[in-house]
Amino acid sequence: MEHYDIIIAGSGAAGMMTAFFMSSDPYFDSKSILIIDRDEKNQNDRTWCYWERGQGHWDHILTKQWKKIYFGSKNWAKTIDLKDYTYKMIRSKDFYNDINARLSQKKNIKISTENILSIKDMESSVQVITDMASYSAGKVFSSIFNPIWLMDNTDFPCLKQHFTGYFVQTKSPVFDANVAGFMDFDLPQKGNTRFMYVLPTSDHEALIEYTLFSENLLHPDEYEREIDVYIKEKLKINDYTIIEKESGNIPMTCYPFENHNTPNIMYIGSAGGWTKPSTGYTFARSTKISKIMVEFLKSHTDLTKFSFKNRYWYYDLIFIKVLADHNDAGHEVFTSIFKGQSIENVFKFLDEENTFENDLRLIKSTQPKAIFLKSAFLSLKGIIFR
């Protein structure tokens, strides 16, 4: 049985970020590290978007960036100047290639394509069994999501951010490449929170994505049907070619994934609760958390001691309960936030970097007030009596 100091289970964004920041710190040069995933990551299987102030760590591999975003709903619409912020897009192939190039230079890091069957903390070490071999490790960082945890959960509301997107190309220049369509709620909501992203990479090409925050998934045909209708009726585009398609399903919940950590096993990425519950955004948050976590490892051995929970967890809990109980109110909630606050205050709030005073200012502007007050009361009651 081969032994490694560290095994990273899963080579998605969180796993590769963790490996990257370990490879960038001399402290880990003496550690043997194995990365295991059932798939070889070298394709565009994901598109990540995020906002950021100024220059960022991943700027050298950006596919596109925008200084303006469009927010739309039936009652209010605006193209918003992001000022100090930029909205950024990364294709996963560029991300994987960049990190793989870095890791290939490290003799202490190995990547293996295997299917992990089980991970078990044996107290003195962790046993990892795959379809090809058995390993032991001092610490394991797993981004393998376990849906059973949420199926068995009754204490925390859970929604899904689910979506299908088309990368389209047009013969004529129909897109404004300087403006990212951030959220357009001006479409049939059908009792849910539904919106479109329109992310142009040029005046001839864009990612058009139909996204829902809801409990249940749709039939695959419905996502594509809604995109087709939106392109033809809202964007007035009749002649286009679909270059690629993508789809996804991201959990939106305040469920305490960290309760499944052990002294030697830590769950990371969406499996560890790194996804921002109220928005479904994961990439930028994973960058921030993985940096902090790697630094934490240099002085701590018990992985259960790592935590990133703060007051925003409670805000997210209220927000998710509002959308879970009143899923048709999402367009009104988001419109009130973007209409009533500066974009800087919105982004600082969502990045969990705001002052408490500005937090309250944003919360007070959010509508509908009655359902937020009810959800706040029920959430607090649930925490006290849980």
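How many residues does helix α2 have, and how far does it reach from its first C-alpha to its last? Okay, so this is a predicted model we're looking at, and α2 covers residues 92-103, which makes 12 residues. The helix reaches 16 Å, close to the 16 Å expected at 1.5 Å a residue.

Okay, on to charges. Side chains of opposite charge can pair when their charged atoms come close. Searching the whole structure turns up 25 salt bridges, and I'll walk you through a few.

Take Lys171 and Asp239: their closest N and O atoms are 4.0 Å apart. Lys171 sits in the loop between β12 and β13, and Asp239 in the loop between α4 and β16, so this pair ties together parts that are 68 residues apart in sequence. Lys171 is exposed, at 70% relative accessible area, while Asp239 is partly exposed at 45%.

Next, Lys234 and Asp186 meet at 3.7 Å, N to O. Lys234 is in helix α4 and Asp186 is in the loop between β13 and β14, so here the tied parts are 48 residues apart in sequence.

Then there's Glu258 with Lys309, at 3.1 Å. That one links the β16–β17 loop to the α5–α6 loop, so it ties together parts 51 residues apart in sequence.

Technical notes:
Residues numbered from 1 in each chain as written. Predicted model: local features only at pLDDT ≥ 70, side-chain atom pairs only at ≥ 80, totals over all residues. Heavy atoms only, no water. Helix = DSSP H or I, 4+ residues; strand = E, 2+ residues; numbered from the N terminus. Expected span 1.5 Å × (residues − 1). Salt bridge = Lys/Arg side-chain N within 4 Å of Asp/Glu carboxyl O. Buried < 20%, exposed > 50% of the residue type's maximum accessible area, 1.4 Å probe, protein only.
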